Amino acid sequence: MSSLYLFSGPCGSGKSTLADQFANRLVEDGRSLQVYVIHGDDFHKGFVETARRLGPYHPGFLYWPDILVFIWERMLASAEAALRRGLDVIMDYVVEDELAMVKELAEKYGATLYYIVLTAPEDILRQRLQRRGDPQLVERSLFLKAKLEQLTENKNHLLDTSKASPQQLAAELDIQRYHLPL
């Protein structure tokens, strides 16, 4: 039976870093022979676009809501291809309204679903985003932090990433705590 691990959280919370560390840990510990990792930001980076304001509609241009749908469609299609082959899958991206789709995919393939919502104090998020050269994401990150921490379905799935290094978090992650029944 495959496992599907879903890492969510605001910008700068450490989703991609922890996903990579956890994938390595799964393989090193022998809990998985092979893990397929899907970083949502890789799909987002596929969009190279103009900085010009185009107005409310411009033919052939995807605006943020459509970009988000496109990214999730690609991520879920990639995860499905891996699950179909019996692979364990790790996905990381901000999960706002998409959890039901991920649950449906896990159920379709009989995969065990783990859902981890990363968070950190505001000052840590600011520092991380400044350090990686993304200060324009601070406002969005703080908005997402507040939103994700308030969502009922996230209540028992929060993990503060400010208390240890990604390597330590991956090594010490009590993954059963984050199991999400289907």
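This is a predicted model: local features need pLDDT of at least 70, side-chain atom pairs count only at pLDDT 80 or more; totals for chains, interfaces and linings use all residues.

Modeller: A pocket here is an open set of points on a 1 Å grid over the protein atoms alone, where a 1.4 Å probe fits, with protein on both sides within 12 Å along at least five of seven lines; lining residues have an atom within 4 Å of a point. Residues count from 1 along each chain as its sequence is written, and side-chain values use heavy atoms, without hydrogens and water.

Biologist: Which helix gives the most to the lining of the largest pocket?

Modeller: The lining has 32 residues, with Cys 11, Gly 12, Lys 15, Asp 41 and Arg 132 nearest the centre. Several helices (DSSP runs of H or I, at least four residues; strands are E, at least two) supply at least two residues each, including helix 3 (64-84) and helix 6 (138-150). The top contributor, with four residues, is helix 1.

Biologist: How many residues of strand 3 are buried?

Modeller: Buried means under 20% relative accessible area with a 1.4 Å probe, protein chains only. Asp 88, Ile 90 and Asp 92 cover one side, Val 89 and Met 91 the other, and all are buried. Strand 3 (residues 88-92) is largely enclosed by the rest of the structure because the buried count is five of five.

Biologist: In strand 3, which residue is the bridge partner of Tyr 36?

Modeller: Strand 2 (residues 35-39) runs parallel to strand 3, joined by five bridges; pairing takes at least two DSSP bridges. The partner of Tyr 36 in strand 3 is Val 89.

Definitions and conventions
Buried means under 20% relative accessible area, exposed over 50%, partly exposed in between (1.4 Å probe, protein chains only).
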